[in-house]
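Me: I'd like a close look at a single part of this model, with the cut-offs spelled out as we go. Here is what I have on screen.

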Amino acid sequence: MNHRSMRPRLGAVVLLCAAFAAVAAGVAGVAGVAGAAPGARASPGDDGWVRFRDTYRELVETNTTLSAGDCTLAAQRMAARLRAAGLPEADMRVFVPEGHPKEGGLLAVLHGTDPQAKAILMLAHVDVVEARREDWTRDPFTLVEEDGYFYGRGTSDMKAQAAIWVDNLVRYHEQGFKPRRSIKLALTCGEETNAALNGAGWLATHERAAIDAAFAITEGVGGDLDEHGERVALEVLAAEKVSQHYTFEVTNPGGHSSRPVPDNAIYHLVRALDRLSRYEFPVQLDDANRGYFLGMSKIKGGEVGAAMAAIVANPGDGAALAVLDRDPSWHAMLRTTCVATQLSAGHAPNALPQRARANVNCRIFPGVSIEQIRAQLVKIVDDPAVSVIVPEVRGPIAQPAPLTPQIMDPIRQVAHQLWPGVPVITTLEPGASDAQFMNPAGIPTYGLDGIFVDPDYGHIHGLNERVRVRSVREGREFLYRLVKIYANQ
Ligand SMILES: [Zn+2]
(Lines give C-alpha, C1' and ligand atoms only; values in the text may rest on other atoms or scores of the structure.)
Protein backbone atom coordinates (compact mmCIF):
# COMPACT_ATOMS: atom_id res chain seq x y z
CA MET A 1 0.00 0.00 0.00
CA ASN A 2 1.10 3.53 -0.43
CA HIS A 3 -0.79 5.39 2.23
CA ARG A 4 2.15 6.76 4.03
CA SER A 5 3.78 8.29 1.01
CA MET A 6 0.68 10.43 0.65
CA ARG A 7 0.43 11.58 4.22
CA PRO A 8 0.79 15.17 5.24
CA ARG A 9 4.12 15.55 6.97
CA LEU A 10 3.91 16.36 10.61
CA GLY A 11 5.75 19.38 11.85
CA ALA A 12 8.56 19.35 14.36
CA VAL A 13 6.55 18.97 17.52
CA VAL A 14 8.57 17.69 20.41
CA LEU A 15 6.56 15.82 22.99
CA LEU A 16 7.84 14.18 26.11
CA CYS A 17 9.68 11.05 25.17
CA ALA A 18 7.66 8.27 26.76
CA ALA A 19 9.45 5.88 29.04
CA PHE A 20 9.59 2.45 27.53
CA ALA A 21 11.20 0.40 30.23
CA ALA A 22 8.53 -2.29 30.31
CA VAL A 23 9.02 -3.27 26.72
CA ALA A 24 12.76 -2.85 26.54
CA ALA A 25 13.39 -4.84 29.72
CA GLY A 26 15.07 -8.15 29.26
CA VAL A 27 15.37 -7.95 25.51
CA ALA A 28 18.41 -5.74 25.10
CA GLY A 29 21.43 -6.71 23.11
CA VAL A 30 19.82 -8.99 20.57
CA ALA A 31 21.25 -7.21 17.53
CA GLY A 32 23.10 -9.60 15.32
CA VAL A 33 21.63 -12.73 16.87
CA ALA A 34 21.11 -15.18 14.06
CA GLY A 35 17.88 -16.32 15.61
CA ALA A 36 16.33 -19.15 17.52
CA ALA A 37 15.00 -22.31 15.92
CA PRO A 38 11.32 -22.13 14.92
CA GLY A 39 10.26 -24.32 17.82
CA ALA A 40 12.33 -22.64 20.49
CA ARG A 41 10.32 -21.58 23.49
CA ALA A 42 10.71 -18.19 25.04
CA SER A 43 13.10 -18.48 27.95
CA PRO A 44 12.21 -17.05 31.36
CA GLY A 45 12.74 -13.30 31.53
CA ASP A 46 12.65 -13.09 27.75
CA ASP A 47 9.46 -12.01 26.01
CA GLY A 48 10.37 -14.03 22.95
CA TRP A 49 11.99 -11.19 21.03
CA VAL A 50 14.79 -13.39 19.67
CA ARG A 51 12.31 -15.88 18.33
CA PHE A 52 10.08 -13.11 16.96
CA ARG A 53 13.04 -11.54 15.23
CA ASP A 54 13.77 -14.85 13.55
CA THR A 55 10.18 -15.16 12.32
CA TYR A 56 10.44 -11.64 10.94
CA ARG A 57 13.82 -12.43 9.36
CA GLU A 58 12.47 -15.55 7.68
CA LEU A 59 9.52 -13.63 6.29
CA VAL A 60 11.66 -10.78 4.93
CA GLU A 61 14.16 -13.25 3.49
CA THR A 62 11.41 -15.14 1.67
CA ASN A 63 11.04 -13.22 -1.59
CA THR A 64 7.34 -12.53 -2.14
CA THR A 65 7.45 -10.19 -5.13
CA LEU A 66 5.05 -10.99 -7.96
CA SER A 67 7.87 -11.43 -10.49
CA ALA A 68 10.16 -13.84 -8.66
CA GLY A 69 8.66 -14.50 -5.25
CA ASP A 70 6.48 -17.13 -3.62
CA CYS A 71 3.81 -16.19 -1.06
CA THR A 72 2.80 -19.85 -0.72
CA LEU A 73 6.31 -20.66 0.52
CA ALA A 74 6.11 -17.79 3.02
CA ALA A 75 2.74 -19.15 4.22
CA GLN A 76 4.18 -22.65 4.60
CA ARG A 77 7.10 -21.31 6.60
CA MET A 78 4.79 -19.40 8.93
CA ALA A 79 2.60 -22.49 9.33
CA ALA A 80 5.72 -24.43 10.35
CA ARG A 81 6.29 -21.91 13.13
CA LEU A 82 2.74 -22.33 14.43
CA ARG A 83 3.13 -26.10 14.23
CA ALA A 84 6.44 -25.97 16.10
CA ALA A 85 4.74 -23.97 18.84
CA GLY A 86 2.19 -26.76 19.21
CA LEU A 87 -0.84 -25.22 17.50
CA PRO A 88 -3.02 -28.17 16.36
CA GLU A 89 -2.78 -29.06 12.68
CA ALA A 90 -6.57 -28.80 12.41
CA ASP A 91 -6.37 -25.12 13.33
CA MET A 92 -4.17 -24.02 10.46
CA ARG A 93 -4.35 -24.30 6.68
CA VAL A 94 -2.25 -23.07 3.80
CA PHE A 95 -4.64 -22.11 0.97
CA VAL A 96 -3.69 -21.81 -2.67
CA PRO A 97 -6.16 -20.21 -5.13
CA GLU A 98 -6.60 -22.37 -8.21
CA GLY A 99 -4.23 -21.44 -11.01
CA HIS A 100 -2.07 -19.32 -8.69
CA PRO A 101 0.38 -21.77 -7.12
CA LYS A 102 2.70 -19.07 -5.74
CA GLU A 103 0.00 -16.72 -4.49
CA GLY A 104 -1.24 -18.73 -1.56
CA GLY A 105 -1.69 -17.72 2.05
CA LEU A 106 -2.31 -19.00 5.55
CA LEU A 107 -5.38 -19.30 7.75
CA ALA A 108 -5.11 -20.17 11.43
CA VAL A 109 -7.22 -19.86 14.56
CA LEU A 110 -6.92 -19.90 18.33
CA HIS A 111 -10.36 -21.01 19.49
CA GLY A 112 -12.37 -18.88 21.88
CA THR A 113 -14.39 -20.17 24.81
CA ASP A 114 -17.68 -18.51 23.88
CA PRO A 115 -19.19 -19.96 20.71
CA GLN A 116 -21.61 -17.00 20.53
CA ALA A 117 -18.82 -14.44 20.42
CA LYS A 118 -17.61 -13.45 16.96
CA ALA A 119 -13.92 -13.74 16.22
CA ILE A 120 -11.29 -11.06 15.77
CA LEU A 121 -9.22 -11.31 12.58
CA MET A 122 -5.52 -10.43 12.36
CA LEU A 123 -5.02 -9.75 8.64
CA ALA A 124 -1.77 -9.10 6.77
CA HIS A 125 -0.53 -9.27 3.22
CA VAL A 126 2.87 -10.92 2.86
CA ASP A 127 3.60 -9.92 -0.74
CA VAL A 128 5.96 -7.02 -1.32
CA VAL A 129 6.72 -4.44 -4.00
CA GLU A 130 9.46 -5.37 -6.47
CA ALA A 131 13.05 -4.65 -5.38
CA ARG A 132 16.19 -4.98 -7.49
CA ARG A 133 19.44 -5.88 -5.74
CA GLU A 134 21.50 -3.59 -7.99
CA ASP A 135 19.40 -0.58 -7.02
CA TRP A 136 19.66 -1.15 -3.28
CA THR A 137 22.56 -0.40 -0.95
CA ARG A 138 21.99 -3.72 0.86
CA ASP A 139 20.39 -6.95 -0.33
CA PRO A 140 16.62 -6.25 -0.16
CA PHE A 141 15.93 -9.88 0.75
CA THR A 142 18.31 -10.06 3.71
CA LEU A 143 17.15 -8.64 7.02
CA VAL A 144 19.91 -6.22 7.94
CA GLU A 145 19.98 -4.56 11.35
CA GLU A 146 22.07 -1.40 11.29
CA ASP A 147 22.15 1.81 13.33
CA GLY A 148 18.88 1.03 15.04
CA TYR A 149 17.00 0.16 11.85
CA PHE A 150 15.85 -3.00 10.14
CA TYR A 151 16.51 -2.75 6.40
CA GLY A 152 14.91 -4.92 3.73
CA ARG A 153 11.96 -5.08 1.37
CA GLY A 154 8.81 -5.50 3.43
CA THR A 155 10.44 -4.57 6.76
CA SER A 156 7.83 -1.81 7.02
CA ASP A 157 5.13 -2.76 4.46
CA MET A 158 4.10 -5.05 6.01
CA LYS A 159 6.13 -8.02 7.13
CA ALA A 160 6.71 -6.62 10.62
CA GLN A 161 2.98 -6.70 11.32
CA ALA A 162 2.58 -10.09 9.58
CA ALA A 163 5.36 -11.53 11.78
CA ILE A 164 3.76 -9.96 14.86
CA TRP A 165 0.46 -11.67 14.03
CA VAL A 166 2.19 -15.07 13.77
CA ASP A 167 4.14 -14.34 16.95
CA ASN A 168 0.94 -13.31 18.78
CA LEU A 169 -0.69 -16.64 17.99
CA VAL A 170 2.41 -18.53 19.10
CA ARG A 171 2.60 -16.61 22.38
CA TYR A 172 -1.09 -16.88 23.19
CA HIS A 173 -1.08 -20.59 22.48
CA GLU A 174 2.03 -21.20 24.58
CA GLN A 175 0.60 -19.29 27.51
CA GLY A 176 -2.59 -21.32 27.37
CA PHE A 177 -4.51 -18.09 26.82
CA LYS A 178 -8.22 -18.89 26.54
CA PRO A 179 -9.84 -15.87 24.93
CA ARG A 180 -13.58 -15.36 24.87
CA ARG A 181 -13.58 -14.77 21.10
CA SER A 182 -11.60 -16.84 18.65
CA ILE A 183 -8.49 -15.12 17.35
CA LYS A 184 -8.05 -15.69 13.62
CA LEU A 185 -5.03 -15.12 11.44
CA ALA A 186 -5.06 -14.58 7.67
CA LEU A 187 -1.88 -14.01 5.70
CA THR A 188 -2.55 -13.15 2.06
CA CYS A 189 -0.84 -12.31 -1.21
CA GLY A 190 -1.47 -9.83 -4.04
CA GLU A 191 -2.11 -6.57 -2.21
CA GLU A 192 0.73 -4.62 -3.78
CA THR A 193 0.00 -5.30 -7.44
CA ASN A 194 -3.32 -4.21 -8.92
CA ALA A 195 -3.15 -6.80 -11.70
CA ALA A 196 -2.46 -9.69 -9.32
CA LEU A 197 -5.04 -11.89 -7.65
CA ASN A 198 -5.90 -10.22 -4.35
CA GLY A 199 -5.78 -12.76 -1.55
CA ALA A 200 -8.04 -10.83 0.81
CA GLY A 201 -10.62 -10.41 -1.96
CA TRP A 202 -10.32 -14.10 -2.80
CA LEU A 203 -10.91 -15.08 0.85
CA ALA A 204 -13.93 -12.77 1.05
CA THR A 205 -15.54 -14.62 -1.88
CA HIS A 206 -14.24 -18.19 -1.45
CA GLU A 207 -13.59 -18.57 2.28
CA ARG A 208 -16.00 -16.12 3.83
CA ALA A 209 -16.84 -18.45 6.76
CA ALA A 210 -13.18 -19.09 7.56
CA ILE A 211 -12.46 -15.39 7.97
CA ASP A 212 -15.79 -14.44 9.56
CA ALA A 213 -15.10 -11.98 12.34
CA ALA A 214 -16.63 -9.13 14.29
CA PHE A 215 -13.83 -6.99 12.88
CA ALA A 216 -10.34 -7.17 11.43
CA ILE A 217 -7.09 -5.32 11.99
CA THR A 218 -4.59 -4.82 9.21
CA GLU A 219 -2.04 -2.31 7.97
CA GLY A 220 -2.97 1.28 7.58
CA VAL A 221 -1.18 3.81 9.63
CA GLY A 222 1.06 3.65 12.64
CA GLY A 223 2.63 6.30 14.77
CA ASP A 224 4.33 9.45 13.58
CA LEU A 225 7.82 10.40 14.68
CA ASP A 226 9.30 13.82 14.14
CA GLU A 227 12.76 14.31 12.64
CA HIS A 228 14.34 13.81 16.07
CA GLY A 229 12.62 10.44 16.53
CA GLU A 230 10.18 11.79 19.12
CA ARG A 231 6.64 10.40 19.07
CA VAL A 232 4.08 12.89 17.78
CA ALA A 233 0.85 10.91 17.56
CA LEU A 234 -0.51 7.40 17.16
CA GLU A 235 -2.85 7.19 14.18
CA VAL A 236 -5.78 4.85 13.62
CA LEU A 237 -6.97 4.43 10.05
CA ALA A 238 -10.75 4.52 10.02
CA ALA A 239 -11.72 5.20 6.43
CA GLU A 240 -10.30 5.02 2.94
CA LYS A 241 -11.37 6.67 -0.27
CA VAL A 242 -12.35 4.66 -3.32
CA SER A 243 -10.51 5.10 -6.62
CA GLN A 244 -12.80 5.18 -9.67
CA HIS A 245 -12.09 6.13 -13.29
CA TYR A 246 -14.59 7.99 -15.48
CA THR A 247 -14.32 8.55 -19.23
CA PHE A 248 -15.36 11.88 -20.76
CA GLU A 249 -16.11 11.22 -24.42
CA VAL A 250 -17.24 13.36 -27.35
CA THR A 251 -17.95 11.99 -30.82
CA ASN A 252 -18.52 14.04 -33.98
CA PRO A 253 -19.02 13.43 -37.73
CA GLY A 254 -15.71 15.22 -38.32
CA GLY A 255 -14.72 16.56 -41.73
CA HIS A 256 -11.89 18.36 -43.49
CA SER A 257 -9.86 20.72 -41.30
CA SER A 258 -9.95 23.38 -44.07
CA ARG A 259 -13.64 23.95 -43.26
CA PRO A 260 -13.92 24.05 -39.44
CA VAL A 261 -17.28 24.32 -37.69
CA PRO A 262 -18.00 25.38 -34.11
CA ASP A 263 -19.17 21.86 -33.16
CA ASN A 264 -15.74 20.33 -32.52
CA ALA A 265 -15.13 17.24 -30.38
CA ILE A 266 -11.83 18.53 -28.93
CA TYR A 267 -13.32 21.91 -28.00
CA HIS A 268 -16.28 20.28 -26.26
CA LEU A 269 -13.94 18.07 -24.28
CA VAL A 270 -11.52 20.84 -23.37
CA ARG A 271 -14.33 23.07 -22.13
CA ALA A 272 -15.67 20.19 -20.04
CA LEU A 273 -12.26 19.60 -18.47
CA ASP A 274 -11.82 23.30 -17.85
CA ARG A 275 -15.10 23.35 -15.93
CA LEU A 276 -13.95 20.29 -13.96
CA SER A 277 -10.64 21.98 -13.14
CA ARG A 278 -12.47 24.86 -11.50
CA TYR A 279 -14.87 22.69 -9.50
CA GLU A 280 -14.39 21.62 -5.86
CA PHE A 281 -16.53 18.88 -4.39
CA PRO A 282 -18.17 19.93 -1.11
CA VAL A 283 -16.37 19.35 2.17
CA GLN A 284 -17.45 16.17 3.96
CA LEU A 285 -16.71 15.19 7.52
CA ASP A 286 -16.97 11.76 9.05
CA ASP A 287 -15.61 10.24 12.27
CA ALA A 288 -12.26 9.58 10.62
CA ASN A 289 -11.29 12.98 9.26
CA ARG A 290 -13.10 14.85 12.04
CA GLY A 291 -10.98 12.93 14.55
CA TYR A 292 -7.87 13.63 12.52
CA PHE A 293 -8.37 17.39 12.28
CA LEU A 294 -9.46 17.72 15.91
CA GLY A 295 -6.44 15.75 17.10
CA MET A 296 -4.00 17.49 14.79
CA SER A 297 -5.34 20.95 15.60
CA LYS A 298 -3.91 20.65 19.11
CA ILE A 299 -0.59 19.29 17.87
CA LYS A 300 -0.18 21.83 15.08
CA GLY A 301 -1.42 24.96 16.84
CA GLY A 302 -1.10 28.36 15.17
CA GLU A 303 -2.99 29.34 12.03
CA VAL A 304 -3.16 25.77 10.73
CA GLY A 305 -4.35 24.37 14.05
CA ALA A 306 -7.03 27.02 14.28
CA ALA A 307 -8.17 26.26 10.73
CA MET A 308 -8.42 22.56 11.55
CA ALA A 309 -10.61 23.23 14.58
CA ALA A 310 -12.71 25.71 12.60
CA ILE A 311 -13.44 23.34 9.73
CA VAL A 312 -14.67 20.67 12.14
CA ALA A 313 -16.95 23.21 13.85
CA ASN A 314 -18.21 24.53 10.52
CA PRO A 315 -17.46 22.69 7.25
CA GLY A 316 -18.59 25.83 5.41
CA ASP A 317 -15.82 28.00 6.88
CA GLY A 318 -14.22 29.29 3.69
CA ALA A 319 -11.29 31.03 5.39
CA ALA A 320 -10.30 27.87 7.25
CA LEU A 321 -10.66 25.83 4.09
CA ALA A 322 -8.36 28.17 2.19
CA VAL A 323 -5.63 27.49 4.75
CA LEU A 324 -6.05 23.68 4.72
CA ASP A 325 -6.42 23.38 0.95
CA ARG A 326 -2.83 24.59 0.53
CA ASP A 327 -1.76 21.10 1.58
CA PRO A 328 -2.72 18.57 -1.14
CA SER A 329 -3.13 15.77 1.42
CA TRP A 330 -5.50 17.75 3.63
CA HIS A 331 -7.35 18.99 0.56
CA ALA A 332 -7.85 15.34 -0.43
CA MET A 333 -8.88 14.25 3.07
CA LEU A 334 -11.75 16.74 3.11
CA ARG A 335 -13.70 15.76 0.00
CA THR A 336 -14.03 13.68 -3.13
CA THR A 337 -11.51 14.74 -5.77
CA CYS A 338 -11.59 14.20 -9.56
CA VAL A 339 -8.72 14.99 -11.86
CA ALA A 340 -7.98 14.54 -15.59
CA THR A 341 -5.14 12.05 -16.00
CA GLN A 342 -5.09 11.06 -19.71
CA LEU A 343 -6.22 12.51 -23.04
CA SER A 344 -6.65 11.18 -26.54
CA ALA A 345 -8.31 12.88 -29.50
CA GLY A 346 -8.36 13.11 -33.29
CA HIS A 347 -7.32 10.66 -35.99
CA ALA A 348 -5.37 12.82 -38.47
CA PRO A 349 -3.56 16.18 -38.38
CA ASN A 350 -5.71 17.57 -41.21
CA ALA A 351 -9.11 16.27 -40.13
CA LEU A 352 -11.74 17.54 -37.73
CA PRO A 353 -11.71 15.17 -34.73
CA GLN A 354 -14.33 12.43 -34.75
CA ARG A 355 -13.56 11.46 -31.19
CA ALA A 356 -12.06 13.09 -28.09
CA ARG A 357 -11.67 11.29 -24.82
CA ALA A 358 -10.27 11.98 -21.36
CA ASN A 359 -9.73 9.75 -18.39
CA VAL A 360 -10.77 11.34 -15.11
CA ASN A 361 -9.64 9.67 -11.91
CA CYS A 362 -11.84 10.27 -8.90
CA ARG A 363 -11.02 9.47 -5.28
CA ILE A 364 -14.45 9.13 -3.77
CA PHE A 365 -15.19 10.04 -0.18
CA PRO A 366 -16.25 7.01 1.92
CA GLY A 367 -19.93 6.22 1.66
CA VAL A 368 -20.58 8.15 -1.59
CA SER A 369 -21.67 6.03 -4.57
CA ILE A 370 -19.98 5.83 -7.96
CA GLU A 371 -23.28 6.83 -9.61
CA GLN A 372 -23.67 9.90 -7.37
CA ILE A 373 -20.29 11.13 -8.55
CA ARG A 374 -21.13 10.33 -12.19
CA ALA A 375 -24.32 12.37 -11.89
CA GLN A 376 -22.35 15.25 -10.38
CA LEU A 377 -19.77 15.09 -13.18
CA VAL A 378 -22.59 15.34 -15.75
CA LYS A 379 -23.75 18.52 -13.99
CA ILE A 380 -20.24 19.98 -13.87
CA VAL A 381 -19.62 19.23 -17.55
CA ASP A 382 -23.00 20.79 -18.42
CA ASP A 383 -22.82 19.77 -22.09
CA PRO A 384 -24.99 17.01 -23.61
CA ALA A 385 -22.30 16.44 -26.25
CA VAL A 386 -19.98 15.08 -23.55
CA SER A 387 -20.78 11.59 -22.28
CA VAL A 388 -19.60 10.64 -18.81
CA ILE A 389 -18.99 6.90 -18.75
CA VAL A 390 -17.94 4.47 -16.01
CA PRO A 391 -15.48 2.18 -17.83
CA GLU A 392 -15.23 -0.46 -15.12
CA VAL A 393 -15.97 -0.81 -11.45
CA ARG A 394 -13.19 -2.22 -9.26
CA GLY A 395 -15.33 -3.31 -6.38
CA PRO A 396 -18.31 -2.53 -4.22
CA ILE A 397 -18.24 0.50 -1.98
CA ALA A 398 -18.92 0.04 1.69
CA GLN A 399 -19.50 2.35 4.59
CA PRO A 400 -16.37 2.96 6.64
CA ALA A 401 -15.83 0.86 9.75
CA PRO A 402 -17.46 2.59 12.73
CA LEU A 403 -15.19 3.97 15.46
CA THR A 404 -17.03 2.63 18.47
CA PRO A 405 -15.78 2.82 22.07
CA GLN A 406 -15.22 -0.97 21.92
CA ILE A 407 -12.64 -0.31 19.20
CA MET A 408 -11.15 2.95 20.41
CA ASP A 409 -11.01 2.46 24.19
CA PRO A 410 -8.56 -0.48 24.13
CA ILE A 411 -6.37 1.39 21.63
CA ARG A 412 -6.23 4.41 23.93
CA GLN A 413 -5.68 2.20 26.97
CA VAL A 414 -2.68 0.33 25.54
CA ALA A 415 -1.29 3.46 23.90
CA HIS A 416 -1.41 5.18 27.27
CA GLN A 417 0.43 2.29 28.92
CA LEU A 418 3.21 2.33 26.34
CA TRP A 419 3.38 5.96 25.30
CA PRO A 420 1.84 8.15 28.00
CA GLY A 421 0.95 11.59 26.71
CA VAL A 422 1.10 10.70 23.01
CA PRO A 423 -2.30 11.51 21.43
CA VAL A 424 -4.32 8.90 19.53
CA ILE A 425 -5.97 10.31 16.41
CA THR A 426 -8.19 8.74 13.76
CA THR A 427 -7.56 9.43 10.11
CA LEU A 428 -8.92 9.10 6.60
CA GLU A 429 -6.59 8.05 3.83
CA PRO A 430 -6.62 8.96 0.16
CA GLY A 431 -5.08 5.55 -0.65
CA ALA A 432 -6.49 2.05 -0.26
CA SER A 433 -5.61 -1.26 1.44
CA ASP A 434 -7.21 -4.69 1.78
CA ALA A 435 -9.93 -3.02 3.85
CA GLN A 436 -11.57 -2.27 0.49
CA PHE A 437 -12.35 -5.99 0.17
CA MET A 438 -13.18 -6.69 3.80
CA ASN A 439 -15.63 -3.87 4.53
CA PRO A 440 -17.99 -4.81 1.66
CA ALA A 441 -17.83 -8.44 2.85
CA GLY A 442 -19.28 -7.28 6.17
CA ILE A 443 -16.06 -7.41 8.18
CA PRO A 444 -15.29 -3.91 9.47
CA THR A 445 -11.55 -3.45 9.06
CA TYR A 446 -9.27 -1.07 10.90
CA GLY A 447 -5.78 -0.06 9.89
CA LEU A 448 -3.30 0.25 12.71
CA ASP A 449 0.00 -1.27 13.73
CA GLY A 450 1.42 0.84 16.55
CA ILE A 451 4.71 1.05 14.67
CA PHE A 452 6.11 4.58 14.74
CA VAL A 453 7.72 5.77 11.54
CA ASP A 454 10.03 8.60 10.61
CA PRO A 455 8.84 11.55 8.52
CA ASP A 456 10.21 9.73 5.43
CA TYR A 457 7.73 6.89 6.11
CA GLY A 458 10.56 4.36 5.95
CA HIS A 459 10.82 4.56 2.12
CA ILE A 460 7.99 2.07 1.73
CA HIS A 461 7.69 0.86 -1.87
CA GLY A 462 11.01 2.61 -2.49
CA LEU A 463 14.72 1.94 -2.15
CA ASN A 464 16.28 0.84 1.13
CA GLU A 465 12.97 0.34 2.92
CA ARG A 466 13.52 0.41 6.65
CA VAL A 467 11.88 0.66 10.04
CA ARG A 468 13.26 1.46 13.48
CA VAL A 469 14.06 -1.59 15.62
CA ARG A 470 12.58 0.24 18.60
CA SER A 471 9.37 0.81 16.64
CA VAL A 472 8.98 -2.86 15.75
CA ARG A 473 9.63 -3.82 19.37
CA GLU A 474 6.99 -1.40 20.58
CA GLY A 475 4.51 -2.28 17.84
CA ARG A 476 4.86 -5.94 18.76
CA GLU A 477 4.04 -5.18 22.40
CA PHE A 478 1.18 -2.88 21.41
CA LEU A 479 -0.51 -5.40 19.12
CA TYR A 480 0.08 -8.25 21.57
CA ARG A 481 -1.72 -6.40 24.39
CA LEU A 482 -4.41 -4.92 22.15
CA VAL A 483 -5.56 -8.18 20.56
CA LYS A 484 -5.69 -9.79 24.01
CA ILE A 485 -8.08 -7.10 25.22
CA TYR A 486 -10.27 -7.31 22.10
CA ALA A 487 -10.35 -11.09 22.34
CA ASN A 488 -11.86 -10.97 25.80
CA GLN A 489 -14.47 -8.33 25.03
ZN1 LIG B 1 0.98 -2.86 2.45
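Me: Which residue forms a salt bridge with Lys118, and how far apart are the closest N and O atoms?

Reply: Lys118 pairs with Asp212, and the closest N and O atoms are 3.6 Å apart. A salt bridge here is a side-chain nitrogen of Lys or Arg within 4 Å of a carboxyl oxygen of Asp or Glu. The pair links distant parts of the chain, 94 residues apart: Lys118 sits in the loop between strand 2 (105–110) and strand 3 (120–125), and Asp212 in the loop between helix 5 (199–206) and strand 7 (215–225). Those helices (H or I, at least four residues) and strands (E, at least two) are DSSP runs, numbered from the N terminus.

A word on the ground rules. This is a predicted model, where local features need pLDDT of at least 70 and side-chain atom pairs count only at pLDDT 80 or more, while totals for chains, interfaces and linings use all residues. Residues are numbered from 1 along each chain as its sequence is written, and side-chain values use heavy atoms, with hydrogens and water left out.

How covered are the two partners? Lys118 counts as partly exposed because its relative accessibility is 40%, and Asp212 is partly exposed too, at 26%. The classes are buried for under 20% relative accessible area, exposed for over 50%, and partly exposed in between (1.4 Å probe, protein chains only).

Your pair belongs to a count of 31 salt bridges. Another one that links distant parts of the chain joins Glu280, in the loop between helix 6 and helix 7 (287–300), to Arg335, in the loop between helix 10 (328–333) and strand 11 (337–345), 55 residues apart. Their closest N and O atoms are 3.5 Å apart. Here Glu280 is partly exposed at 41%, whereas Arg335 is buried at 1%. Arg278 and Asp274 also meet, at 2.5 Å from N to O, with Arg278 exposed at 61% and Asp274 partly exposed at 37%. Then there is a network of salt bridges that links Asp54, Arg57, Glu58, Glu61 and Arg81.

Now for the nonpolar side. A nonpolar core is a set of buried Ala, Val, Leu, Ile, Met, Phe, Trp, Tyr and Cys residues joined through side-chain atoms within 4.5 Å. The largest has 116 residues, and Phe248, Leu377, Ile411 and Phe478 touch the most other members. A second, separate core of 14 residues includes Leu107, Leu123, Ala186 and Ile211. In soluble globular proteins, nonpolar side chains tend to be buried together.

Helix 14 (residues 469–487) reaches 27 Å from its first C-alpha to its last, close to the 27 Å expected at 1.5 Å a residue; the expected span is 1.5 Å times one less than the number of residues. With 15 of its 19 residues buried, helix 14 is largely enclosed by the rest of the structure.

The backbone around helix 4 has some details to check. Met158, in the loop between strand 5 (149–151) and helix 4, is joined to Asp157 by a cis peptide bond with omega of about -15 degrees. Just after helix 4, Gly176 takes a positive phi of about 70 degrees.
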